[in-house]
Amino acid sequence: MVDFTLWDIVRNLLLAARWTIALSLIAFIGGGLVGLLLLVARTARWPLAEPLVAGYVQLFQGTPLLMQLFLAYFGLALFGIDTSAWTAAAVALTLYTSAFLVEIWRGCVAAVPRGQWEAAQSLALSFSEQLRYVVLPQATRIAIAPTVGFLVQVVKGTALASVIGFVELTKAGTMITNATFQPFLVYGCVALMYFALCFPVSLYARRLERKLHVAG
Amino acid sequence: MRIELDFLAVLAQWPLLVTGVFWTLGLTAISAVIGLAIGTLCAWGRNSGPTWLRWVVGTYVELIRNTPFIVQLFFVFFGLPAAGVKLTPELASVIAMVVNLGAYSAEIVRAGIDATPKGQLEAAASLALSRTQTFLHVVLPPALKKVWPALTSQIIIVMLGSAVCGQISTEELSYAANLIQSRNFRAFEAFIIATAIYLLLSISVRALLNWLGPRYLFGGRR
């Protein structure tokens, strides 16, 4: 039997934390793109966009992320796509993230005063120009703080990918526990690493929010 | 390529699903009640307690809010027994959910308390109410009323989070789905049905709490 020193445990967890970060970034960027697309569809009042996006948001916010991961894992396989835990986790987390971001951003767009749209219209800007040059710049300023805050939720969400066999921080913790029989120590380290990842982001989001209120 | 879906094979195992729903709702109800109580105590402690208490509550809240629920659950279920505390899966689930909801609701309730107009406190003081009376009768009810929608959302998030408790073999809804799919290999169908039930549950729990809150928690009495 191999003996694990504390450094061995920490080192292996740190190596696995890379995948937590990678998956978080994929979900955040992918979710951001899908979310933006949904936001534009909704703001532009494409036919049926409003109820469809609302249903989409309700579906992803009203069901457990764990079930979404299972569905992606078994569902993609059903369509003949060779699913690795990577693909399933990336797909499920991207969709999950997009549903939350589109809802956050919708509020931010709605917070831009009506008069701004009307002023842009009266300057004969097309819809995409109104959005691009007048509304989105103002909405973005409001959106940054809650979006950064949501990043914390994405990082925590990636922990569930361990259940479908994706080896990130939590799964590595389970595997190391099985080898060392020191669950208290290992899960304690895992929790502290998540904390080290998330807490600075939380603090940064809070600072952004304060700054916005002062400037606002 | 043809995809054959057999939902009936899953629905035939309905007693398992029903047990799962009861466990999910039961776990949620217990942790909502205890979690809100702890959250309110923490909110009070962080606002008007002594410095050391503020520090302790602050650490608790930040530690929980910045780590995933599944890690908290594993720490309670696998970690604590190593430190000498033996727990059943159900008890471990409740503890993890209570601790989790307590931290989140502390922040939410605190936001409500902070929004209390100063005149209310002065009015309470001029009526010679004690600090405890002021908190319980003047500050808390309107504060809860203000943040009730946020608390409702948080309780639902905790309910959806409880799907993870199946991983330590608490027999809630996701555990039932897993059990069914291991019996008849209808994984996709089992999870579709479980997901649909979760969606139904979150919609009805929200409706229930919206109805319950104003009636029994902060309305009517005064």
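At 11% relative accessibility, B:Cys42 falls in the buried class. A:Cys189 is likewise described as buried, with a relative accessible area of 15%. Across all chains of this predicted model, the number of disulfides is zero. For A:Cys189 the reason can be read from the geometry: the closest cysteine sulfur, that of A:Cys198, lies 16 Å from its own sulfur, which is too far for a bond, given that a disulfide requires two cysteine sulfur atoms within 2.5 Å.

## Confidence of the prediction

The predictor assigns the complex an ipTM of 0.90 together with a pTM of 0.91. For chain B, the mean pLDDT is 91, and a pLDDT of 70 or more is reached by 97% of the residues of that chain.

## Chain A: overall build

Chain A contains eight helices and zero strands, so that its pattern, read along the sequence, is α-α-α-α-α-α-α-α. Taken along the principal axes, the box filled by the C-alpha atoms of chain A has dimensions of roughly 75 × 50 × 25 Å. Of the 216 residues in this chain, 47% are buried.

## Helix H3 of chain A

Helix H3 of chain A covers residues 65–78, and the distance from its first C-alpha to its last is 20 Å, close to the 20 Å expected for its 14 residues at 1.5 Å a residue. Because ten of those 14 residues are buried, H3(A) is largely enclosed by the rest of the structure.

Two or more lining residues come from each of three elements of chain B, namely helix H2 (14–48), helix H7 (131–161) and helix H9 (187–218).

By residue class, the lining of this pocket is made up of 20 nonpolar residues, four polar ones and two charged ones.

## Loop residues with positive phi

Most residues other than glycine have a negative phi, and most peptide bonds are trans. Against that background, A:Phe181, a residue other than glycine, has a positive phi near 55°. A:Phe181 is placed in the loop that runs between helix H7 (169–180) and helix H8 (183–215) of chain A, and with a relative accessibility of 64% this residue counts as exposed.

In chain B, B:Ser169 also has a positive phi, near 65°, and is again a residue other than glycine. The loop that holds B:Ser169 lies between H7 and helix H8 (173–184) of chain B, and at 33% relative accessibility B:Ser169 is classed as partly exposed.

## A separation within chain B

B:Lys118 belongs to helix H6 of chain B, which covers residues 118–126, and it counts as exposed at 61% relative accessibility. Between B:Lys118 and B:Leu173 there is a sequence separation of 55 residues, while in space the two are 46 Å apart, C-alpha to C-alpha.

Methods. Residues are numbered from 1 along each chain as its sequence is written. Chains are lettered from A and ligands numbered from 1 in the order in which they are written. This is a predicted model: local features need pLDDT of at least 70, side-chain atom pairs count only at pLDDT 80 or more; totals for chains, interfaces and linings use all residues. Side-chain values use heavy atoms; hydrogens and water are left out. Helices (H or I, at least four residues) and strands (E, at least two) are DSSP runs, numbered from the N terminus. Ala, Val, Leu, Ile, Met, Phe, Trp, Tyr, Cys and Pro count as nonpolar, Asp, Glu, Lys and Arg as charged, and the others, Gly among them, as polar. Buried means under 20% relative accessible area, exposed over 50%, partly exposed in between (1.4 Å probe, protein chains only). pLDDT is the predictor's confidence in each residue, from 0 to 100. The expected span of a helix is 1.5 Å times one less than its number of residues.
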